[in-house]
Amino acid sequence: MYDLVLKGKLLTGEKLIGGSIGVSDGKILRVSKGELRGEETIQIGRGKAILPGLIDVHVHLRDFDQRKKETVETGTMAALHGGITTVFDMPNTQPPILNAETFERRKALFEGRAYADYALSFLIRNNCGDAVKAGADFYKIFMGASTGGVFSEDFKGDYSCTPGIVSVHAEDAEIIAQNPERPPEAEIRAINRALNAAEKLGKPLNICHVSTADGIWAILGRNLPWVSFEVTPHHLFLTKKNYERNSLLKVYPPLRDEEDRRALWRNFSRIPLIASDHAPHTLEDKESGAAGIPGLETEVALLLDAVNRGMLELSDIVEKMHDNPIRIFEITNKGFEVGKDADFTVVDLKREWKVKPEEFYTKAKWSPWDGRRLRGKVVMTILRGKVVMEEDEIVGKPEGVRINAGKGSA
Ligand SMILES: NC(=O)N[C@@H](CC(=O)O)C(=O)O
Ligand SMILES: [Zn+2]
Ligand SMILES: [Zn+2]
């Protein structure tokens, strides 16, 4: 008798098949086409699909001195609301996570406050000794300034001494200095420099929020197995035309022109990771020029809506927000298989709804998609065998824990 049995359409590989998942002690113990008996059975009805828990590898949860922008509680509730069971926390906080002591502070901050599971990061800038002491789950390097202004003076040196996978913000500091509007060349030049270093060093590199055609072609052309990259929903669905109409859409790297956006879709099957770059700011900070767009509570629904429009398959979402994050960041306790955490994202493919930021859990209660009708919605989120969100309501207390990722975790 399992603690919980989840019954319904499961997405395994490309196909949705009817089946049951037996869960006990927060772990997947059985996946079966037949009937399973549980203390509790959750029947997932028609039109809905049970996806493995989705993972967002690029999230800014703020807190520390930026509680007004977002806290660990509000950001991780937003994650569960958006169907995200694990978030990767970015280190460009105030104060930034540049030493072991601040990393310890970050660890303590999450305990008892996170509603989703999480990976913790460390900001690299000429401080690899401290990075080794900290033992983060992944590491961040900025090649040019973004929010918080910290960036590396010696990318190759920093990348070479980092004790684990590096996620890199690839915009070139010199080009930014001459062109504050950050043209595509700022990204393309930085990506090429990052690829040259990756080719020489042969160590894992994840290029954040790739936004340009030439940027994606440079990465795909180099075809280095240890180099992955992310694309955000705002670069997939929006262009600089949207920014011209709504200055809130200022973001680094900036929204691009239609050709760049089309190039991301033309190469969509070869994009390893979809990540929100959830970057909450208060409205007054946005009005004074802060860059960043909230994305946790819209990213999955936008992709479901695009599935309904034939632009991608449901299996693409699982590949780019579950399978690949686990593979690339070496997450050993997650995955849709026996023995792994029982994390699930239940979606209603046909549910039509209107984006209402006032109903968001994030403190950044605004969205580029405010008022947009979408077809497809996250209706339930399950974290290690417990329902933690159902029909827009967060259920239970903050029980998120740190995942086992990178650092050669056993
Ligand atoms: N993307 C943004 O425009 N801003 C991010 C930082 C970043 O991801 O570069 C933020 O932390 O606000
Ligand atoms: Zn960035
Ligand atoms: Zn970011």
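Modeller: The count comes to 10 aromatic pairs, where rings of Phe, Tyr and Trp (its six-membered ring) pair if their centres lie within 6.5 Å, with planes under 30 degrees apart called stacked, over 60 edge-to-face and the rest tilted. One of these pairs is formed by Phe88 and Phe138, whose rings are tilted, at 5.0 Å centre to centre and with 45 degrees between the planes. This pair links distant parts of the chain, since Phe88 belongs to strand 7 (residues 84-89) and Phe138 to strand 10 (residues 138-142), 50 residues apart; helices (H or I, at least four residues) and strands (E, at least two) are DSSP runs numbered from the N terminus. Phe88 and Phe138 are both buried, a word that stands for under 20% relative accessible area, with exposed meaning over 50% and partly exposed in between (1.4 Å probe, protein chains only).

Please keep in mind that this is a predicted model, in which local features need pLDDT of at least 70 and side-chain atom pairs count only at pLDDT 80 or more, while totals for chains, interfaces and linings use all residues. Residues are numbered from 1 along each chain as its sequence is written, chains are lettered from A and ligands numbered from 1 in the order in which they are written, and side-chain values use heavy atoms, with hydrogens and water left out.

Another pair sits within a helix: Phe155 and Tyr159 both lie in helix 4 (residues 155-161), 4 residues apart, or about one turn of the helix. Both of these residues, Phe155 and Tyr159, are buried. Their ring centres are 5.4 Å apart and their planes meet at 25 degrees, so Phe155 and Tyr159 count as stacked.

Arg106 lies over the face of Phe64, at 4.8 Å from the ring centre, and Arg182 lies over the face of Tyr252, at 3.5 Å from the ring centre.

Helix 4 also brings us to the cysteines, because it holds one end of a link between distant parts of the chain: Cys161 in helix 4 and Cys128 in helix 3 (residues 128-134), 33 residues apart. Cys128 and Cys161 are joined by a disulfide, with an S to S distance of 1.8 Å, the cut-off being two cysteine sulfur atoms within 2.5 Å. The whole structure contains 1 disulfide. The torsion about its S-S bond is about 75 degrees, so the disulfide of Cys128 and Cys161 is right-handed. Cys128 is buried at 11% relative accessible area, whereas Cys161, at 34%, is partly exposed. Cys208 is buried too, at 2%, and its sulfur is 17 Å from the closest cysteine sulfur, that of Cys128, which is too far for a bond.

Donors here are N, O and S atoms within 2.8 Å of the metal (3.2 Å for Na, K and Ca), and sites may look incomplete, since water is not among the atoms. Both His169 and His209 are buried, and the zinc ion (ligand 2) is 3.7 Å from the zinc ion (ligand 3).

Notes:
Lys NZ or Arg CZ within 6 Å of the ring centre and 35° of its normal.
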